[in-house]
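The stops below run from the start of the chain towards its end.

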Amino acid sequence: MQTRDIYCVFVGAKGLYQKIVLPSDRVRSIFHDEPIIIPTLPPVDIVKIVNTRYEILRKGPDYFKPVDDEAIKFLSMSYNGRVRDIMNTITNLMFQIPEGMANTLCLKDVKVKLLSIEEKKLLTTGLTKTDIDILKIMLELEVFNNTKLVEKTTMTKQHINKFIKKFLEFDIIEHFEKAGRVSNYHIHPRLSLLLKLVKDTT
């Protein structure tokens, strides 16, 4: 890092500088100036990036776009512009398309297929169908606590507590804020796509 005429660029998520660089005098002395914060690209730019990638990688005259521009915009908003997550989701989606189907998927079809994919993923992690039903209620509420879930489900507080404990262990929900003695929760950021899908279909 201190070799003459050699410059290093470190790229990371927000918090990298504060958590790793600042706490150590030795590490901090190597870095110059404050970090550059790159804002999230708007959906219209994400569409250009994804389409350009497909154009570069296209093979032969039979090329067609996997999903339409509206679907890419939807994924961009779901993933806050994270191109890698968007591309991985489109790839996973293509694996679900029957062989011989060669047409671009519209946003409506994409949402239906992705919701099914996301639910199957949850089932493979050890969740039951009842767990997923409760999770859907949490997704609709976005921010919730024990009392809100009791009202929505008519289950007992003890029963709801079991779901909350399990979902915390599975990194499906996380603590949001505390209002007095009431603990509030929200959906874990890794489930941002599922949250968007459920909100758009309710």
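**Before helix 1**

Select Phe10 to begin: Phe10 lies in the segment before helix 1. Helices (H or I, at least four residues) and strands (E, at least two) are DSSP runs, numbered from the N terminus. This is a predicted model, in which local features need pLDDT of at least 70, side-chain atom pairs count only at pLDDT 80 or more, and totals for chains, interfaces and linings use all residues. Residues are numbered from 1 along each chain as its sequence is written, and side-chain values use heavy atoms, with hydrogens and water left out.

Phe10 is partly exposed, at 47% relative accessibility; buried means under 20% relative accessible area, exposed over 50%, and partly exposed in between (1.4 Å probe, protein chains only).

Now select Asp5, also found in the segment before helix 1 (16-21). Asp5 is exposed, with a relative accessible area of 59%. Its phi is positive, about 65°, although Asp5 is not a glycine.

**A loop residue**

Go to Asn80, in the loop between helix 4 (69-78) and helix 5 (83-94). Asn80 is not a glycine either, and its phi is positive, near 55°.

Next, show the three strands, which form an open antiparallel sheet in the order 1-3-2. Strand 1 (143-144) and strand 2 (173-179) are the edge strands, each pairing on one side only. Two strands pair if DSSP finds at least two bridges between them. Strand 2 and strand 3 (residues 182-187) run antiparallel and are joined by six bridges. Finish at His175, which stands opposite Tyr185 in strand 3.
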